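These notebook entries record what I looked up in one structure. Each entry takes up one topic.

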Amino acid sequence: MRSALLSLRFAPCTPRSLALLSATLLAALAPAAFVRAEVKLPAFFSDHMVLQRDVSLPVWGWAKPGTKVVVELVRADGEGAKVESQVGAAEGNEAGQAEVRWEVALPAQPAGGPHVLKVTVGGEVREIQDVLVGEVWICSGQSNMEWSVTRSAGGQEEIAAANDPMLRHFKVGLTTATEPKQDVTGAWTVASPEALGSWTAVGYWFAKDLRKELGVPVGVINTSWGGTRVEAWTRREALNEIADPGVVELLKWWDDRVDRYDAAAEQARYDQQLQDWAVKAEEAKNAGQPEPRKPQPPYNPTKDQHRPSGLYNAMVAPLVPFAARGFLWYQGESNVPRAFQYRQLFPAMIANWRSDWNSEMPFYFVQLAPFQYGGQDPELLAELWEAQSLTTQALPKVGMAVITDIGDLKDIHPTNKAEVGRRLSLLALAHDYGKDVPFSGPVFREAKLVKIAIRVSFDHAEGLKSRTGEPLDHFEIAGEEGKFVAAQATVDGSDVVVSSPEVAQPKYVRFGWTNVAEPNLVNKAGLPASPFRTDDLPAKTAETFTP
C-alpha cells in the first residue's frame with residue numbers, strides 16, 4: 001500500500017491515476033469503515049419468535065464490556081418499549097477484553113404483533129422481524145413429546161389445512177454437553193403446510209386449543225429427545241442434593257464410566273480396528289465374498305444422551321431465563337425399570353427448572369399410556385404411574401393428563417396426540433387462564449372398609465360411569481396377606497364399591513395396576529381415572545438404581 005501511494009505521488013495527475021488512487025485508498029480503509037461487529041443473540045431471538053405477554057421480558061446476548069446496548073420492541077405504529085444498558089465487565093475480565101453476557105428486561109407487553117425487536121449493540125443494529133406477543137410454553141421429554149404431526153393420527157389433514165400465522169414453533173437441536181452451554185441451534189417456524197409436519201404433535205395440538213380459546217398468538221419451544229431419561233434433563237447440582245442412596249449410586253455409576261473412559265486409547269483401538277477391517281474387506285472383495293461389518297466408532301460416555309445433566313446442559317440451560325407461561329412434559333418410558341427412583345428424580349427436575357427460571361411456573365405432564373414392555377414385570381409401569389401421581393401431590397401447580405384410554409398396547413407411541421394435547425390444554429385453561437372447564441378424571445381420595453367391601457372415594461368424580469358401558473374393570477382387592485384378586489366394582493354416587501367373594505376380609509384395593517390396564521372408569525367429562533393402590537407393599541423397582 002505504501003509503495004503504491006509513493007508511486008502515485010510522483011506520477012502525472014491523469015484521470016486514470018486519480019481512479020487508481022481512489023480505489024487504493026478505499027481498499028485500505030474498507031475494514032475500518034465497513035466491517036461491522038455482529039449483534040450476538042441466542043438462536044431463539046430470531047424472526048417469527050413469540051414473546052410471553054404480561055410479564056417482564058428478559059433479552060440477552062454477548063458483547064465486549066463497556067458496550068452500550070439498546071433494546072426496543074417497535075409496534076407497527078412506531079410506538080413500543082425501549083431499554084438501555086451498558087455491558088458490565090465479568091469477574092476477571094477487563095473492559096475491552098473478551099465478550100461477556102449482557103441482559104436487559106423489556107417491560108410487560110400485551111398480546112399482539114407483528115412487531116420488530118430492535119437490538120443495538122455498540123452502534124450496530126439487528127432487527128428481528130415478525131415478532132408476536134402471546135403465550136409461550138416450553139415442551140420437553142422423550143419420543144412421545146418429540147413425535148411429529150406427520151406421524152400422528154389426523155396429521156396429514158392437519159398439515160394440509162395449516163394456515164395460522166399466530167401459531168409458532170421452535171425446535172432445539174439435539175446435542176449434549178458436559179457443562180451448561182450458552183446457546184442452542186434452531187429456528188422459529190410459522191404454522192403452514194411446509195412447516196407443520198415436523199412440529200411436536202402434542203405441543204401443536206395443545207397450542208392450537210389454547211389459540212382457539214384465548215384468541216392470542218401461541219408459541220411452543222420444543223426441547224425433547226427420544227429415548228432419554230429424566231436425570232439427563234436435570235442439573236447436576238440438583239441431582240447431588242438428592243439424599244436418596246439409589247440416586248447417589250446412579251450418579252456414581254455414571255461418574256465411574258466417565259472416569260474409566262480413555263479417549264486416546266479408545267481412538268487408537270478404533271483406528272487399528274479400521275485398518276484390520278480394510279484388509280479383510282479387500283480380501284473378501286477379491287474372493288467374491290460379502291464385506292465384513294465395519295467397526296463402530298468408540299462409545300464416549302461423556303456424550304451419551306442418557307448421562308445425568310447432559311441434556312440439561314445443552315438443551316435447557318441455554319433457554320434460561322426466556323419468558324414463558326409454563327412447561328409441558330411427556331417422558332418416563334425410559335425410566336420404567338427404575339420407577340421407584342422416579343419419585344425422587346422427577347420432582348427434583350421440576351424444582352430445578354423452576355429455580356432456574358426463578359418462578360413457580362405451572363408444570364403439566366402426561367401420565368404414560370399402557371404398553372406391553374417386553375420382558376418386564378407387568379407392575380413396573382404401574383409403579384411409574386404411582387411416582388408420577390405422587391409428584392402432583394408433592395409440588396404445587398403440577399398437573400397430570402391421564403391417557404390410559406387412548407394408548408396402544410403394541411406401540412409405545414400412541415398416535416392420538418390431538419387428544420393428549422387437548423387434555424394438557426384443559427389443565428392450562430382451568431388453572432392459568434380462568435376457564436371453567438373440566439380438567440381431570442377421577443382421582444383417588446380415600447378407601448374405607450364397609451363390611452365385606454371397600455368403598456373408594458374420588459375427587460373429580462361427578463358422573464362416575466363406565467366408558468364402555470360394560471362393568472367397571474381392572475379393580476383388585478386383597479386381604480392382610482396382600483394376595484390380590486380381580487374384584488367386582490359398581491358405581492355408587494361419587495364412590496365405587498369393590499368386593500370379591502374370594503376375599504372375606506378385604507384390606508387393600510388396587511386399580512389399573514398392570515402395564516396393559518386400559519380401565520373404563522371415567523367421569524361425566526369422559527376423562528379417565530388414574531391408576532392407584534392403597535397398600536404399601538414393597539415396590540418391585542425399589543432396589544433398582546442403575547440402568
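Which residues of H8 are buried? I found Tyr270, Trp277, Ala281 and Ala284; buried means under 20% relative accessible area, exposed over 50% and partly exposed in between, with a 1.4 Å probe and protein chains only.

**Basis.** I noted that the model is predicted, that local features need pLDDT of at least 70 and side-chain atom pairs pLDDT 80 or more, while totals for chains, interfaces and linings use all residues. Residues are numbered from 1 along each chain as its sequence is written, and side-chain values use heavy atoms, without hydrogens and water.

**Whole protein.** I recorded 12 helices and 23 strands; these are DSSP runs, helices (H or I) of at least four residues and strands (E) of at least two, numbered from the N terminus. Of the 547 residues, 50% are buried. The C-alpha trace spans about 120 × 75 × 50 Å along its principal axes.

**Helix H8.** I then returned to H8, which covers residues 263-286 and has 24 residues. From its first C-alpha to its last it reaches 35 Å, close to the expected 34 Å; the expected span is 1.5 Å times one less than the number of residues. After H8 comes Gly288, with a positive phi near 70°.

**Aromatic rings.** Rings of Phe, Tyr and Trp (its six-membered ring) pair if their centres lie within 6.5 Å; planes under 30 degrees apart count as stacked, over 60 as edge-to-face and the rest as tilted. Trp329 and Trp353 form an edge-to-face pair, 5.8 Å centre to centre with 85° between the planes. Because Trp329 lies in strand E11 (residues 326-330) and Trp353 in helix H10 (residues 339-357), this pair ties together parts that are 24 residues apart in sequence. Both Trp329 and Trp353 are buried. I also listed one aromatic cluster, whose members include Trp233, Phe327, Trp329, Tyr342 and Trp353.

**Charges over rings.** I checked Arg151, which lies over the face of Trp147 at 3.8 Å from the ring centre. Arg257 lies over the face of Trp254, at 5.1 Å from the ring centre. A charge sits over a ring if NZ of Lys or CZ of Arg is within 6 Å of the ring centre and within 35 degrees of the ring normal.
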